[in-house]
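Please keep the sequence at hand while reading.

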Amino acid sequence: MRLAIISFTFQGGRTAERLERGFKDLGHQSRAFSVQKLKIPLSKFVETAFRDEEGLVFVGAAGIAVRSIAPCLKGKDRDPAVIVVDELGNFTVSLLSGHLGGANELAVRLAGELGAVPVITTATDLHGSFAVDLFAKRNDLWIHNREGIARVSAKILAGEKI
């Protein structure tokens, strides 16, 4: 997995470096960047990362991450995984593209590297239910009707037949 890690504070930079080392040890391509050392505006960095990387990890406040990625959002089937890690490395939050982008799995792996708590908010994961989009991803299937994902998930969560 190609992963860009961006930090905003000195302590966040230390956490980002731990993540970068851990992911390289697992054979992934990860690069840690400090916002203070970027030679381009953060908005341009995020735009490039959205296009070129499979995942983007913000080590800092969730609000910064949300504001940074908002102009880049294209769709659940096209956006990369986005994770937020607090600067102390206590929590890894799957923020965007939990299933199709792999953010939920990435948040769990990052948590393992840091000894952190992964925060996953997708209902199917919370209930241990079947997730049609995750099934499609794992089986290399194409989803023709993206809007149907939410309808199918809602029925599954309600205990209804599909």
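Phe-135 is partly exposed, because its relative accessible area is 40%, and partly exposed here means between buried (under 20%) and exposed (over 50%), with a 1.4 Å probe and protein chains only. This residue belongs to helix H6, which spans residues 132-138; helices are DSSP runs (H or I) of at least four residues and strands (E) of at least two, numbered from the N terminus. Together with Phe-130 and Leu-141, Phe-135 forms a nonpolar surface patch with about 300 Å² of accessible area.

The model is predicted, so local features need pLDDT of at least 70 and side-chain atom pairs count only at pLDDT 80 or more, while totals for chains, interfaces and linings use all residues. Residues are numbered from 1 along each chain as its sequence is written, and side-chain values use heavy atoms, with hydrogens and water left out.

## Helix H2 and its two sides

Within H2, which covers residues 42-52, the buried residues are Phe-45, Val-46, Ala-49 and Phe-50. Viewed down the axis of H2, these buried residues lie within an arc of 135°, so they line one face of the helix; the arc is that of the directions from the helix axis to the C-beta atoms. Ser-43 and Arg-51, on the other side of H2, are exposed.

The cover over the buried residues of H2 includes strands E1 (2-7), E2 (29-34) and E5 (91-96), as well as E3, H3 and E4.

Glu-53 sits in the loop between helix H2 and strand E3 (55-59), and counts as buried because its relative accessibility is 12%. Its side chain is joined to that of Arg-31 by a polar contact of 2.5 Å, a term for a pair of N or O atoms within 3.5 Å where, within protein, one must be able to donate a hydrogen and the other to accept it, and residues adjacent in sequence count only if both atoms are side-chain atoms. Apart from neighbours within four places in sequence, Glu-53 is in contact (heavy atoms within 4.5 Å) with Arg-2, Leu-3, Ala-4, Arg-31 and Pro-80.

## A residue inside H1

Thr-15, in helix H1 (residues 10-25), counts as buried because its relative accessibility is 1%. Leaving aside neighbours within four places in sequence, the contacts of Thr-15 include Val-59, Val-85, Asp-86 and Leu-114.

Definitions and conventions
Patches are made of residues with over 30% relative accessible area and no salt bridge: like charges are joined within 9 Å, nonpolar side chains (Val, Leu, Ile, Met, Phe, Trp, Tyr) within 5 Å. Accessible areas come from the Shrake-Rupley method with a 1.4 Å probe; for residues, only the protein chains shown count as cover. A salt bridge is a side-chain nitrogen of Lys or Arg within 4 Å of a carboxyl oxygen of Asp or Glu.
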